[in-house]
Structure formats: structure tokens, C-alpha cells
Amino acid sequence: MSTPSPDLMERRKFLKLLTTVPALAATAALVSPLLRFLKPNVERFKITAPTALDAAHGEPIPVATLKEVSNPWDYKYFVFTQKYPQYTPEGFKAANVPGVVIRLPTKITLYDPTTGQGPLGWARDIGKTPKVSESDIIVFSRICPHLGCIYNFVPNYKEVTAGYGGYAPPPPRQHALMACPCHLSIYDPADPQLPGRVLSGPAPRPPRTFLYELQGENIIATDVEPGGIA
């Protein structure tokens with residue numbers, strides 16, 4: 001019986017190796033998930049409570065002086081920059097929120113310290129207490145709660161009737177109003193029970209308000225009521 005040549009033996013070893021390697025790879029592919037299941041190599045996902053860094057915030061800015069809104073129905077527009085946490089290189093996404101400062105003809109309750117209610121009662125949800133509880137100055141966001149258009153402050157209510165869908169306010173509301181040109185929502189900024197009350201149109205609620213404080217002659221907007229368009 002002849003002995004296989006060395007070359008033939010080497011070829012057999014090579015062919016055996018070619019069939020063994022895929023088999024080992026297939027076995028490893030099947031066993032690896034099982035081992036990872038039995039002993040995971042990563043920590044469990046941790047859910048942590050939101051921190052102050054997770055909340056939207058803006059830098060306090062002067063939005064008007066007392067002299068600029070010294071008379072009833074004086075007003076001034078402004079823009080407040082609100083920063084929202086985002087996964088961006090800067091760590092946040094900035095949004096410009098248009099607002100309006102209005103001097104009302106009479107004082108209204110903005111915040112009741114006893115009950116925590118009022119147009120600025122939302123401040124408690126962000127851990128703040130309004131520094132102005134009663135005033136004839138109120139600060140609104142100009143974003144319409146219907147679909148996010150920018151509404152206007154209209155000093156003459158007759159212009160609302162003529163240019164915003166024909167709404168004719170009754171005698172108690174025949175004063176300056178706020179009106180949206182997109183879908184004709186009308187708001188009463190001086191309603192003592194609900195400032196910004198919807199008088200007409202599809203808006204589901206009053207416009208959101210700003211938290212503000214007085215520093216000397218300056219009206220400083222510090223926060224805008226959180227939430228979406230509506």
C-alpha cells in the first residue's frame with residue numbers, strides 16, 4: 001500500500017480547514033447572543049427625572065418702560081427668545097416668541113397668592129412665584145392659540161368690526177381688542193375674570209401670558225407660559 005505524497009496530505013489539511021472555519025463561525029454566531037443574554041455587557045437603561053436644564057427658558061429682557069405704556073391702552077410689541085433643549089451642537093434650539101405689553105384701563109388680579117390661581121398661576125409649574133399679583137399691565141404672547149399665526153393689538157374696536165370678520169363687540173367690550181388676521185379670532189385683553197378671553201373665532205383658549213417684574217422704570221419679561229400653540 002502506497003503512502004500519500006506530502007503534497008496530497010497538505011491539500012487534504014487545507015480542504016479540511018476550509019470546511020472547519022465556516023462551521024466554527026456559524027457556531028459562534030449562534031452561541032454569542034445566548035452568552036450576551038445570560039451575561040449582558042451593558043448597563044440597564046436608566047430613566048432619570050428631568051432637571052432644570054431640560055426645561056425651556058429664556059433670558060429676562062426689558063420689553064417696555066413704564067413711560068412707554070403710561071396711558072390706558074398704550075402698548076408695545078417685543079420679541080422674546082425662548083431656548084428649548086435639543087440634541088444640537090449648541091445644546092438648545094432657540095425660538096423667537098413675539099409678545100405685546102398692554103396698559104389696561106383698570107387693575108386686574110394676575111395671581112392670587114392664597115389660591116395660586118390667575119392668569120399667571122402657571123408660574124408654579126416651573127417653580128416660580130409671580131412678583132406682580134395685581135396690576136393694570138399685562139403681557140401676552142402674540143401667537144394665536146388657534147394655528148400659530150401672529151395676531152394684532154387693535155386700539156380701535158371699530159377696526160375689528162371692519163377688518164376682522166365683522167365682529168361687533170357689545171358695549172362692555174367696546175375698547176381695544178386683539179385680533180388674528182388669519183382666521184379672525186378676537187380676544188379681550190381686559191376681561192377681569194379671564195384676560196385674553198376669546199370673543200369670536202376658532203381659538204380654543206386665550207393667548208399665553210408672560211411672567212414679568214418691574215425693575216425701576218423697566219418692565220422685564222422673564223418667562224413665557226409653557227405649552228404648544230394651544
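**Walking through the model**

Modeller: Let's begin with Ser 185, which is buried, with a relative accessible area of 0%. Keep in mind that this is a predicted model.

Biologist: Okay, where is Ser 185 found?
Modeller: Ser 185 sits in the loop between strand E7 (177–179) and strand E8 (186–188).

Biologist: And what is Ser 185 in contact with, leaving aside its neighbours within four places in sequence?
Modeller: With those set aside, the contacts of Ser 185 include Cys 144, His 146, Met 178, Ala 179 and Cys 180. Ser 200, Gly 201, Pro 202 and Ala 203 are also among them.

Biologist: Switching to Ser 133: buried or partly exposed?
Modeller: Ser 133 is partly exposed, at a relative accessible area of 31%. You'll find Ser 133 in the loop between strand E4 (92–109) and strand E5 (134–141).

Biologist: Which residues does Ser 133 touch, not counting those up to four places away in sequence?
Modeller: Ser 133 touches Ile 108, Thr 109, Leu 110 and Tyr 111. Ile 108 is 25 residues from Ser 133 along the chain, and their C-alpha atoms are separated by 8.7 Å.

Biologist: Now the aromatics. How many aromatic pairs does the structure hold?
Modeller: There are 6 aromatic pairs. Take Tyr 75 and Phe 153: their ring centres are 4.5 Å apart and their planes are at 40°, so this pair is tilted.

Biologist: Why does that pair tie together parts that are apart in sequence?
Modeller: Because Tyr 75 lies in strand E3 (residues 75–85) and Phe 153 in strand E6 (residues 152–154), the pair links parts that are 78 residues apart in sequence.

Biologist: Are those two buried or partly exposed?
Modeller: One of each! Phe 153 is buried, with a relative accessible area of 4%, while Tyr 75 counts as partly exposed at 32% relative accessibility.

Biologist: Which residues form the aromatic cluster?
Modeller: Trp 73, Tyr 75, Tyr 77 and Phe 153 form one cluster. There's a charge to look at here too: Arg 142 lies over the face of Tyr 77, at 3.7 Å from the ring centre.

Biologist: Last topic, pockets. What volume does the second largest pocket have?
Modeller: The second largest pocket has a volume of about 210 Å³.

Biologist: How many residues line that second largest pocket, and which lie nearest its centre?
Modeller: The lining of the second largest pocket has 13 residues, with Gly 118, Pro 119, Leu 194, Pro 195 and Pro 206 nearest its centre. By type, that lining divides into 7 nonpolar, 4 polar and 2 charged residues.

Biologist: Great, thanks!

Conventions: Residues are numbered from 1 along each chain as its sequence is written. This is a predicted model: local features need pLDDT of at least 70, side-chain atom pairs count only at pLDDT 80 or more; totals for chains, interfaces and linings use all residues. Side-chain values use heavy atoms; hydrogens and water are left out. Rings of Phe, Tyr and Trp (its six-membered ring) pair if their centres lie within 6.5 Å; planes under 30 degrees apart count as stacked, over 60 as edge-to-face and the rest as tilted. Helices (H or I, at least four residues) and strands (E, at least two) are DSSP runs, numbered from the N terminus. Buried means under 20% relative accessible area, exposed over 50%, partly exposed in between (1.4 Å probe, protein chains only). A charge sits over a ring if NZ of Lys or CZ of Arg is within 6 Å of the ring centre and within 35 degrees of the ring normal. On a 1 Å grid over the protein atoms alone, a cavity is a set of points where a 1.4 Å probe fits but cannot get out, and a pocket is an open set with protein on both sides within 12 Å along at least five of seven lines; lining residues have an atom within 4 Å of a point. Grid points are joined across faces, edges and corners, and a volume is the space filled by probe spheres set on the points. Ala, Val, Leu, Ile, Met, Phe, Trp, Tyr, Cys and Pro count as nonpolar, Asp, Glu, Lys and Arg as charged, and the others, Gly among them, as polar. Contact means heavy atoms within 4.5 Å.
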